[in-house]
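I'd like to walk you through one structure today, so let me put it up on the screen.

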Amino acid sequence: MRRMLLITLTLILIMSVTVPRARAIDPVTMAILAPIALKVAEAAKPYLIRSLVRTGKGMIDIGKDAFELLYLPYGIGEMTIGAPFKKFRKGIVHVVRGGVIAPIKLFLHILILPVHMAGAKVNI
């Protein structure tokens, strides 16, 4: 009984999903709209370039923050192994930097990334 119910529900799910259909565009319409599309693309070009540059800078910031997360295990190592060599205080600084500050910066830069993609300039 369960198997039959499962098969029936699966078939209903498959049948309810509509199949995407291809729609052709008239070649004459494309020929008419092509010059307009080129003008729009030329007008949007500076905005797209600015958006790509700022998105790239935002991704670099995210990469730096992700790399700074490695300060946490490094600081723990300094606190444990480096304690006899007077590295404990530096280890605490690295643990705070990698365990508290870096995740917050990473979170903020990830939240700001869509703003960078829109082309706005935001400094954090």
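Predicted model: local features only at pLDDT ≥ 70, side-chain atom pairs only at ≥ 80, totals over all residues.

Let's start with α3, which covers residues 71-80, and its partner α4. How far apart are the axes of α3 and α4? They sit 7 Å apart, and the two helices pack at an angle of about 160°. Anything over 145 degrees counts as roughly antiparallel, so that is what we call α3 and α4. Their crossing is left-handed.

Who's touching whom here? On the α3 side, the contact residues include Tyr 71, Leu 72, Tyr 74 and Ile 76. Across from them in α4 you'll find, among others, Phe 88, Ile 92, Val 95 and Arg 97. Glycines turn up as well: Gly 75 in α3, and Gly 91, Gly 98 and Gly 99 in α4. By type, this contact splits into 8 nonpolar, 5 polar and 3 charged residues.

Now the other pair, α2 with α4. These two pack at about 165°, with 8 Å between their axes. That makes α2 roughly antiparallel to α4. And the handedness? α2 passes α4 in a left-handed crossing.

On the α2 side, the residues in this contact include Arg 54, Met 59, Asp 61, Ile 62 and Glu 68. In α4 they meet a set that includes Lys 105, Leu 106, His 109, Ile 110 and Leu 113. The breakdown is 8 nonpolar, 6 polar and 6 charged.

Right, on to the largest pocket. It holds about 220 Å³ of space. Which residues lie nearest its centre? Those are Lys 57, His 116, Lys 121, Val 122 and Asn 123, out of 13 lining residues. Of the helices, α2 (27-68) and α4 (88-117) each supply at least two residues of the lining. The largest share comes from α2, with 6 residues.

Definitions and conventions. Residues numbered from 1 in each chain as written. Heavy atoms only, no water. 1 Å grid on protein atoms, 1.4 Å probe; cavity = no way out; pocket = protein on both sides within 12 Å on 5 of 7 lines; lining within 4 Å. Points joined across faces, edges and corners; volume = space filled by probe spheres on them. Helix = DSSP H or I, 4+ residues; strand = E, 2+ residues; numbered from the N terminus. Axes fitted to C-alpha atoms, helices over the stretch in contact; angles between N-to-C directions. Parallel < 35°, antiparallel > 145°, perpendicular 65-115°, else oblique. Left-handed = near helix turned anticlockwise from the far one by under 90°. Contact = heavy atoms within 4.5 Å. Nonpolar A, V, L, I, M, F, W, Y, C, P; charged D, E, K, R; others polar.
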